Amino acid sequence: MGATIWRSGWLRGKTTNPLESVSMTLHLLAVLALGLMCGSELNVAAFAHPMLNRQPLEVHVRMRASLAALFGRVMPFWMAGSALLNLLLLLPFEHLNDSAWRLAAVAFAIQALAVVFSLVGPVPINNRIIKWTPESLPEDWQKQEDRWDQYHWWRTCGLIAAFAILVLSVRAP
């Protein structure tokens with residue numbers, strides 16, 4: 001990707017077509033937004049929640065509820081913003097070649113599915129977890145957490161695939 005940006009003249013300020021600079025900037029922003037989100041999602045799935053599962057119940061529940069509240073506020077904007085940046089790449093003014101457009105379209109479709117999946121899968125569970133305290137745990141709290149974690153892994157894998165495909169769209173011939 002860096003070589004493509006350099007060859008385009010974008011970093012050197014030597015673009016012959018001003019639309020090329022806008023297009024490359026938008027492409028870079030879309031890749032960065034999705035890549036950073038994937039890193040955050042992978043961190044939660046691979047490190048944060050497994051570490052929380054080894055903590056005493058009171059710490060575990062309070063931290064899980066706090067993280068659920070934080071990400072419940074942030075992720076809707078991050079996921080929607082990232083998908084919107086990708087969607088903008090598909091508009092005619094971007095002038096992507098056919099290969100790049102198809103790859104960006106596939107990445108967007110995966111992101112859109114991830115948003116819908118989130119709304120029907122992990123978000124309702126997340127909204128319940130936010131209200132938990134050690135004293136008010138439902139009987140099936142571990143089952144709900146396990147289901148959320150499983151859904152989260154599926155969503156994370158999908159978003160990582162979308163990220164890889166979006167990165168490929170930068171170099172598409």
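The model is predicted, so local features need pLDDT of at least 70 and side-chain atom pairs count only at pLDDT 80 or more, while totals for chains, interfaces and linings use all residues. Residues are numbered from 1 along each chain as its sequence is written, and side-chain values use heavy atoms, with hydrogens and water left out.

Biologist: Happy to start simple: what pattern does the protein follow along the sequence?

Modeller: Helices (H or I, at least four residues) and strands (E, at least two) are DSSP runs, numbered from the N terminus. The protein has six helices and zero strands. Read in order, the pattern is α-α-α-α-α-α.

Biologist: What percentage of the 173 residues count as buried?

Modeller: Good one! Buried means under 20% relative accessible area, exposed over 50%, and partly exposed in between, with a 1.4 Å probe and protein chains only. For the 173 residues of the protein, the buried share is 39%.

Biologist: And what share of the contacts with a separation of 6 or more comes from residues 24 or more positions apart?

Modeller: A contact means heavy atoms within 4.5 Å. Among contacts in the protein with a separation of 6 or more, the share from residues 24 or more positions apart is 74%.

Biologist: Now the charged side chains: how many salt bridges does the count come to?

Modeller: A salt bridge here is a side-chain nitrogen of Lys or Arg within 4 Å of a carboxyl oxygen of Asp or Glu. By this rule, the count is five.

Biologist: Last one: what is the N to O distance between Arg64 and Asp149?

Modeller: Arg64 is buried at 3% relative accessibility, and Asp149 is buried at 16%. Arg64 also meets Glu145 in a salt bridge at 3.7 Å. For the salt bridge between Arg64 and Asp149, the N to O distance is 2.9 Å.
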